[in-house]
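Thanks for coming. I will go through one model today, starting with its sheet and ending with a single side chain.

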Amino acid sequence: KVVTDLVAEINKAKILALTLKQEFKTKSQKKFFIDQYFKNDNSFIYLGVYKKVEGEMEVVDSTFNQEFLKKVSLSEEDILVPINKNLSYFVNSFDGIPTILNTIPGFQEASICLSIPIEEGEKSEYVLVILLKLERILDAFKKSGINTTYMVNGDGMVLAHSDMSLVQSGKILMSTPIVRSMLTNQANNGL
């Protein structure tokens, strides 16, 4: 379910990225379309299209979920803090490597950030950076009996877990045998 939800969010983000690149007759037309998008899908906090300039990521266009910002009393600058802090990590997406990070540590909202190449293939001229509310996928990680389901990224950082303190702290679980095994043995583990 989580993979399906994330793929759906990525596909919607790609559509929104195409909208950002579209030429509209007026800025108000573009704003209306984007506002309608966020009204119908409030899981997005931020979406940015980036290109690489002299080895650094540079924003080409971006949009923020303004309703969300008002609701939680955050500014666009507040949202950009976890994005800008991790640009060096996201730059790998220009080489076709999608990344996912827990952006809660140092940021007040439960969120994850994805960076994906916009074009298919080994190299991409543009990368899409998406900040999503974590609540979109969190239900799948509720404790059920003796089982604990959780999600980590390629570095072993907890992205989702029934124990929110592990998510909030950005706990790295690479030293646990199951995580180390899953991340080093790529056979049949979803990687």
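Two strands pair here if DSSP finds at least two bridges between them. Strands (E, at least two residues) and helices (H or I, at least four) are DSSP runs, numbered from the N terminus. This is a predicted model: local features need pLDDT of at least 70, side-chain atom pairs count only at pLDDT 80 or more, and totals for chains, interfaces and linings use all residues. Residues are numbered from 1 along each chain as its sequence is written, and side-chain values use heavy atoms, without hydrogens and water.

The sheet is open, with 5 strands in the order β2-β1-β5-β4-β3 and antiparallel pairing. β2 (56–64) and β3 (99–102) stand at the edges with a single partner strand each, so one side of each has no neighbour in the sheet. Between β4 and β5 there are 7 bridges, and serine 115 stands opposite valine 129 in β5.

Now the core, meaning buried Ala, Val, Leu, Ile, Met, Phe, Trp, Tyr and Cys residues joined through side-chain atoms within 4.5 Å. Buried is under 20% relative accessible area, exposed over 50%, partly exposed in between, with a 1.4 Å probe and protein chains only. The largest nonpolar core has 32 residues; among those touching the most other members are Phe44 and Ile130. α1 gives the most to this core, 5 residues.

Last, asparagine 86, in the loop between α4 (76–85) and α5 (87–90). Buried or exposed? Asparagine 86 counts as buried because its relative accessibility is 15%. Leaving aside neighbours within four places in sequence, asparagine 86 is in contact (heavy atoms within 4.5 Å) with Leu101 and Thr103.
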